[in-house]
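Let's take a friendly walk through a protein model, one feature at a time. Have the structure open beside you and look for each part as we come to it.

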There are 2 protein chains.
Amino acid sequence: MSKKKRNVIVGQSGGPTAAINSSLAGVYRTAKDRGYNKVYGMIHGIQGLLEGKYTDLSEHLQTGLDIELLKRTPSAYLGSCRYKLPTINENKELYDKIFNILDDLEIDVFIYIGGNDSMDTIKKLADYAIISGSNIHFVGCPKTIDNDLALTDHTPGFGSAAKYIGTSIKEIIRDGWSLGIENGQVIIVEIMGRNAGWLTGASILAKSEDCDGPDAIYLPELPFDVDAFVAKCKELLKTKQSVVMCVSEGIRTAEGKYISEMGSTSDYVDAFGHKQLAGTAAYLCNVVGKELGCKTRSIEFSTLQRAASHCASRIDILEAFECGGAAVKAADEGDSGKMVVITRESNDPYSAKTEVKDVHKIANDERLVPREWITKDGTYVTDEFVQYVRPLIQGDVAPIMVDGIPRHLYKPGFQDELA
Amino acid sequence: MSKKKRNVIVGQSGGPTAAINSSLAGVYRTAKDRGYNKVYGMIHGIQGLLEGKYTDLSEHLQTGLDIELLKRTPSAYLGSCRYKLPTINENKELYDKIFNILDDLEIDVFIYIGGNDSMDTIKKLADYAIISGSNIHFVGCPKTIDNDLALTDHTPGFGSAAKYIGTSIKEIIRDGWSLGIENGQVIIVEIMGRNAGWLTGASILAKSEDCDGPDAIYLPELPFDVDAFVAKCKELLKTKQSVVMCVSEGIRTAEGKYISEMGSTSDYVDAFGHKQLAGTAAYLCNVVGKELGCKTRSIEFSTLQRAASHCASRIDILEAFECGGAAVKAADEGDSGKMVVITRESNDPYSAKTEVKDVHKIANDERLVPREWITKDGTYVTDEFVQYVRPLIQGDVAPIMVDGIPRHLYKPGFQDELA
C-alpha cells in the first residue's frame, strides 16, 4: 500500500525571467494533480526559508484564471534570492536547520527553479539527504534568460527574452532610419549575458525579409578589440547613415578586462562575487563619437529584457510550465539530485521533450555559444544559430489587459512583504 | 463644373512615433477616396524634397494588407527630417524653389505630419502661398510622443508611447520585487520629454489594483532639487526594498541647469539648437548610490518608447489614421494654414472628434502639464492626469507576426535609401 503523500515546497532563485512563474504554475498544477496535500512556496528562495518565510500557494491560486495570470506575470512571484549554500563540511548545522524546517512542513518534494547557482543548491541538498537518510526528493527546474545551463538544449526564460530582443532591435533599427543624420549615427545596444552570448546573438532575430538586422554582433565568447570595433563602425558608416551594433554586457579584451570597467567606477559585487556590469555601450559610444565624429546613442535593455511578459514567447511559456510539471513528476516517481532538461528532437517542425539528468553534471558548468555558430571574423552569428533559436520564439501569449495595461497575479498583503 | 483634382504630397517630420505611419496611411486612403490622382511622399520631409527626393506612394501601398502593415510600422516610413525653414524674408529663393517643385508635381494638397517645428513649416508655406498667389493647400497633421502641441487635446503617438511606458514600468517595478537586496535598491527610469512631462507622467499608468505604481514622478515643468530627490529615496527605502523613481530627461534645477549636464560631456546640439540630453538617470544613480550606499540601476527607454509598435494603443493608431484623413479632407474642402486637432468630448465613455485650427496659433507654442495636475510637493501626478491619459491607451493592435517577430511594411530598394 502506497504511503500517503504529504507536501511539496517550491522556490525561485537567481535572476527572474518572463517564464519563471509559468514553471511555478506548472509545479503547482502537477503537484495537485498527483495528489499532494499542500504546495508551499519559499519566499525569497532558500534564504527566506531559513528565516521561516514561506506561503501556502493554494491561497494565491484559487481559480484557473489565477493560474493563467501567474503564467503571464514577470519577475519571481515568490521572490528570489542569490544565496550560495556553504559546503556540507563548512556548515553542517545549516543543513540540519533546513531539513528540520522541511520536516516540520512535512515535505516530500523540494523543487528549486533557477540557473547554475540554484542547481548547486539542489545538488548539495540532495547529497545531504543521502548522508542524513532523509526521504525528501530534490529536483531542479531550469530557468535563466542567459541560456547557459549545461545538458539542456535551452532554458525556459531564454525564448521570451530572445523574442523581446529581436522585436525591440527591429524597432530600434527601423527608428534609426527615420532621420537622415549628417555624418551618420552609431547606435550601440547592450544586451545581458555575462559569459554566454545567447541573448546578444538573438539580436539576429531582427533580420528578416523586411529588415537587414543588426550590422554587427559581439558575443562575450570571443575577445573584444575596441580599435577593431571602431574600425568596423567607420567602415559601415561609409554606406549607411544609421548603424546598429549589438554587444554583450560581458565583452572583454584579450587580457580579460571588461569593457564596462573601462568607463565605470562601480565596484558593486553580488553574493556570488559576480561584478555588477554597466555601461559597456555607453563607454563604446563615447569612444566611437570621439574617434569618428558621428552621433552615437547607447541603449541598454536592462531588466526590460527579462521582465517583458507582454512580449513573451508561447513556446517558452508552455515549456516553462511543462518543466515545472516534469520536476514534480520526477520527484514523485523517486528521482532526487536531478534537473529537468529540455531535449530537442527536431528543428523543423520543432519538437522537444523533457527529461531529467543528474544535477552533479550540471551545476556551475556554463554552456557557451559554440565557436562554429559565430562567424570567422567574430562579428556575427551564423545560420545555425538562427535555426537553433528561431523555434523558441514562436507564438504569442496575449496579456490579460485591464484598462489598457497587462494584469499580473497579485495577492494583497503578500507582495508588500517582497517589495 | 469642378476642376479636375491633381496630386497630393505628404511628408513626415521630427522625431518618429509608433503612430506616424498610421497617419500616413490615413492621408493615402482619404486622398484616393476623394479622387486625387497621385499621392507622393517626400523622402526625409521638406529637406529631401528640396533635393528632389520623393516617391509615388501607390508603389508602396498596393493592397489592403500593405495599409495594415503600414499602420503597424514604427519610425517614419518615408524618412523624417529636422529642417527649419528660414523666414520668407531671409530666403525667398528657397520658397520659390519649393513651390516650383510642387508645381512640377502638379500638387493641390500638401500635408505635413509632425510636431511644433513641422507646424512652423506649414505656417510659412501657407503664408507664402497667399503672398505668391499659389492655390496649393497646406495642412498639418499632428504627431509627437511628447504631446506638447497647443490647441489639440492630445497628439497621435502619445497614446502608444504612454501605453509602452505604463506597461514597461509595471514590469520593471515587478522585477524589482524579486530579489531581496541588502540596503535596498533604487531604480531610476529616465523618460523622454524635454520640456513637457506628459510621457513621464504616463508612468503612473503602471499603478493599478495589482501594482503600487512608481514611487515618485518628476516632471520637467517644476524645478528639480537633487538633495530633495536623494532625501525622498532615503525616506522610501525605510519601508521598501525596491524603489522606482521616474524622471523626465528634461528635469533641471531652479537655475535652469539640466541634471543630464551635470554628469555628461556631450555637447551635441540638433538643427533647432536643442541640446542632446542623456544620462539624467545615470547621474542621479551615481549620487544616490554614493549618498545612501544602496544598489542603484538606471534605465533609459531611449528610442524604444517611440518605436514600440508591438505595444501600440488601438485608440492611438485609429486616431492617427483619422487625423491623416481629416487633414486631406480639410485641404480638399479649401482649408490651408491649418492643423488637424483632436477635441475630446467626453472622458467616460471616451469620445473625441477631429477639427481644424489655425496653425498660426499652434506653431512653436509648447503645451505643458498643468500645475494642478501635479501634486503639491511636485513628486507625483494627480487623478485628473490619469483620467486624461487613461482613455488614450485603450485597446491593442495585434502585430502581424511572421516567424515570431512583428512584420513591418518594406519595399525592397526604397529603405536602403533611408538607412
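This is a predicted model: local features need pLDDT of at least 70, side-chain atom pairs count only at pLDDT 80 or more; totals for chains, interfaces and linings use all residues.

Helix 8 of chain B runs over residues 226-237, twelve residues in all.

Which residues of helix 8 of chain B are buried? They are B:Phe229, B:Lys232 and B:Cys233. These residues cover an arc of only 100° around the axis, so they sit on the same side of helix 8 of chain B. What do they pack against? Their partners in chain B are strand 6 (185-191), strand 7 (216-218), strand 8 (242-248) and helix 10 (280-292).

**Two chains together**

Now turn to both chains. Chain A can be superposed on chain B by a rotation of 180° with 0.0 Å of shift along its axis, and the RMSD is 0.0 Å. The two copies are therefore related as by a two-fold rotation axis. Both copies use the same surface, since 100% of the contact residues of chain A recur in chain B. If you want to find the rotation axis, look for A:Glu300: of the residues of chain A, A:Glu300 comes closest to it, at 3.7 Å (C-alpha).

How many residues of chain A are in contact with chain B? There are 59, and they meet 59 residues of chain B. Several elements of chain A each supply at least two residues to this side, among them strand 9 (295-300), helix 11 (304-307) and helix 14 (414-418). The largest share, eleven residues, comes from helix 6 of chain A. Sorted by class, the side of chain A that touches chain B has 22 nonpolar, 21 polar and 16 charged residues.

**Two helices that meet**

Within chain A, helix 1 (residues 20-33) packs with helix 3 (residues 64-71) at an angle of about 145°, and their axes are 7 Å apart. From helix 1 of chain A come A:Asn21, A:Ser22, A:Leu24, A:Ala25 and A:Arg29, while helix 3 of chain A brings A:Ile67, A:Leu70 and A:Lys71. By class, this contact has four nonpolar, two polar and two charged residues.

**Backbone details**

A:His44 lies in the loop between strand 2 (39-42) and helix 2 (45-50) of chain A. A:Ser75 is in the loop between helix 3 and helix 4 of chain A.

For contrast, visit A:Lys92 in helix 4 (residues 92-104) of chain A. It has 14 C-beta neighbours inside 10 Å and therefore counts as partly exposed. A:Lys92 and A:Tyr128 are 36 residues apart in sequence, and their C-alpha atoms are 9.0 Å apart in space.

Finally, look at the peptide bond from A:Asp348 to A:Pro349, which is cis, with omega near 5°. A:Pro349 has its place in the loop between strand 10 (338-347) and strand 11 (350-358) of chain A. In chain B, a cis peptide bond joins B:Asp348 and B:Pro349, with omega about 5°.

Conventions: Residues are numbered from 1 along each chain as its sequence is written. Chains are lettered from A and ligands numbered from 1 in the order in which they are written. Helices (H or I, at least four residues) and strands (E, at least two) are DSSP runs, numbered from the N terminus. The expected span of a helix is 1.5 Å times one less than its number of residues. A residue is buried if 20 or more other C-beta atoms lie within 10 Å of its own, exposed if 12 or fewer, and partly exposed in between; C-beta atoms are placed from the backbone. The arc is that of the directions from the helix axis to the C-beta atoms. Two residues are in contact if their C-beta atoms, placed from the backbone, lie within 7 Å. Ala, Val, Leu, Ile, Met, Phe, Trp, Tyr, Cys and Pro count as nonpolar, Asp, Glu, Lys and Arg as charged, and the others, Gly among them, as polar. Copies are superposed by least squares on the C-alpha atoms of residues with pLDDT of at least 70 in both. Axes are lines fitted to C-alpha atoms, for helices over the stretch in contact, and angles run from 0 to 180 degrees between N-to-C directions.
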